[in-house]
Amino acid sequence: MRGDRELTVAVVYPSLLGTYGDAGNALVLQRRLQWRGLRARLVAVEVGEPVPEHCDVYVLGGAEDGAGRTAADMLAGDRGLRRAVAAGRPVLAVCAGLQILGHEVRTHTGQDHAGLGLLDLTTAPRAARAIGEVTGRPVGGWSADLLSGFENHRGSSVLGSAARPLATVLSGVGNGAGEPVEGAVQGSIVATYLHGPVLARNPALADWLLESAVGEALEPLEVESVTRLRAERLGAVRAHGRVRGRTTTR
Ligand SMILES: NC(=O)CC[C@H](N)C(=O)O
């Protein structure tokens, strides 16, 4: 592929946007490239540093409300991520990351703030925190496998017409705003409420982002420990009888 170019995976503000090991999503992207014999490097962008606009893929994780607001304020004054999105570079945003890429975030702690407006969604507090396993059926054909992860959030997000869900919810809450849907996809941005880290539990999602980054299909890559992890997690959800509708074993 593309000569011997080294691909760069940017982790945006890991000290602010890093709940539940979400920075591990960047490691998954790097490893899945390296396991295919491709060169890949992590670029940790710390608070106070400009976000580089030419990385190949960007990762934003979750945060508590105050840290989310700080990250949103910092990103509002930085053009790097906006330029990367305008250029169609893939971005994964998790939980608070999803929220701050939207138009507005209202919180139950009064840490209300504007978002970057890169995703057509708005966030408001739910009556109760959503905590637990989530299983979803991918929307839009990005995978035949179920989406799997865990959620822990108070915010609920309503999608506008420019964003479509990442998945329909079979178990758990997801976006938590009426429709049983999870996450948001708009242009090159893929956003989700799911931790795990989500890419460790959903290799198809990781490869979808990577194929968008490299601009071509990647050879299949099965990691046995990941297959076992998925089977265990999906099995645990089924054992608790929490799955709506029909599921597959994948
Ligand atoms: N895990 C998270 O990123 C949580 C995001 C936000 N603090 C909420 O509770 O909705």
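This is a predicted model: local features need pLDDT of at least 70, side-chain atom pairs count only at pLDDT 80 or more; totals for chains, interfaces and linings use all residues.
Me: Why is Cys95 called buried?

Reply: Cys95 has a relative accessible area of 6%. Cys95 sits in the loop between β4 and α4. Its phi is near 55 degrees, again a positive value in a residue other than glycine.

Me: What makes Cys55 count as buried?

Reply: Its relative accessibility is 5%. Since the cut-off is 20%, Cys55 counts as buried.

Me: How many disulfides does the structure hold?

Reply: The structure holds zero disulfides. A disulfide is a covalent bond between the sulfur atoms of two cysteines. To be counted here, a pair of cysteine sulfur atoms has to lie within 2.5 Å.

Me: What makes helix α1 "mostly covered"?

Reply: Eight of the eleven residues of α1 (residues 24–34) are buried. Among them are Gly24, Asn25, Leu29 and Leu33. The buried residues of α1 pack against β1, β2 (40–45), β3, β4 (91–94), α5 (198–201) and α6 (203–214).

Me: Where is Leu209, and why is Leu209 called buried?

Reply: Leu209 is in helix α6. With a relative accessibility of 2%, against a cut-off of 20%, Leu209 counts as buried. Leaving aside residues up to four places away in sequence, Leu209 touches Leu29, Pro90, Val91, Leu92, Val190 and Leu199. Leu29 is 180 residues away along the chain, and the two C-alpha atoms are separated by 8.4 Å.

Me: How do you know that the buried residues of α2 are on the same side of the helix?

Reply: The buried residues in α2 are Gly68, Ala71, Ala72 and Leu75. They cover an arc of only 100 degrees around the axis, so they are on the same side of α2. What covers them includes β1 (7–12), β3 (57–60), α3 (80–86), α4 (96–101) and β6 (113–114). As for the helix itself, α2 (residues 65–76) has twelve residues. From its first C-alpha to its last, α2 reaches 16 Å, close to the 16 Å expected at 1.5 Å a residue.

Me: What makes the radius of gyration agree with that of a compact globule?

Reply: A compact globule of 250 residues would have a radius of gyration near 18 Å, and the protein has 17 Å, so the two agree. Along its principal axes, the C-alpha trace spans about 50 × 45 × 30 Å. Buried residues make up 50% of the 250 residues. The protein has seven helices and twelve strands.

Me: Which peptide bond is cis, with omega near -10 degrees?

Reply: The bond from Gly196 to Pro197 is cis. Pro197 lies in the loop between β12 (189–192) and α5.

Me: Which residues does UniProt list for "domain: CobB/CobQ-like glutamine amidotransferase"?

Reply: The UniProt record, an unreviewed entry, gives residues 8–202. In the model, that span is 21% helix and 35% strand, and its end C-alpha atoms lie 20 Å apart.

Methods. Residues are numbered from 1 along each chain as its sequence is written. Side-chain values use heavy atoms; hydrogens and water are left out. Helices (H or I, at least four residues) and strands (E, at least two) are DSSP runs, numbered from the N terminus. The expected span of a helix is 1.5 Å times one less than its number of residues. Buried means under 20% relative accessible area, exposed over 50%, partly exposed in between (1.4 Å probe, protein chains only). The arc is that of the directions from the helix axis to the C-beta atoms. Contact means heavy atoms within 4.5 Å. UniProt positions are given in the numbering used here, feature names are shortened, and annotations may be inferred rather than shown by experiment. The radius of gyration is taken over C-alpha atoms; the globule rule is 2.2 Å times the number of residues to the power 0.38.
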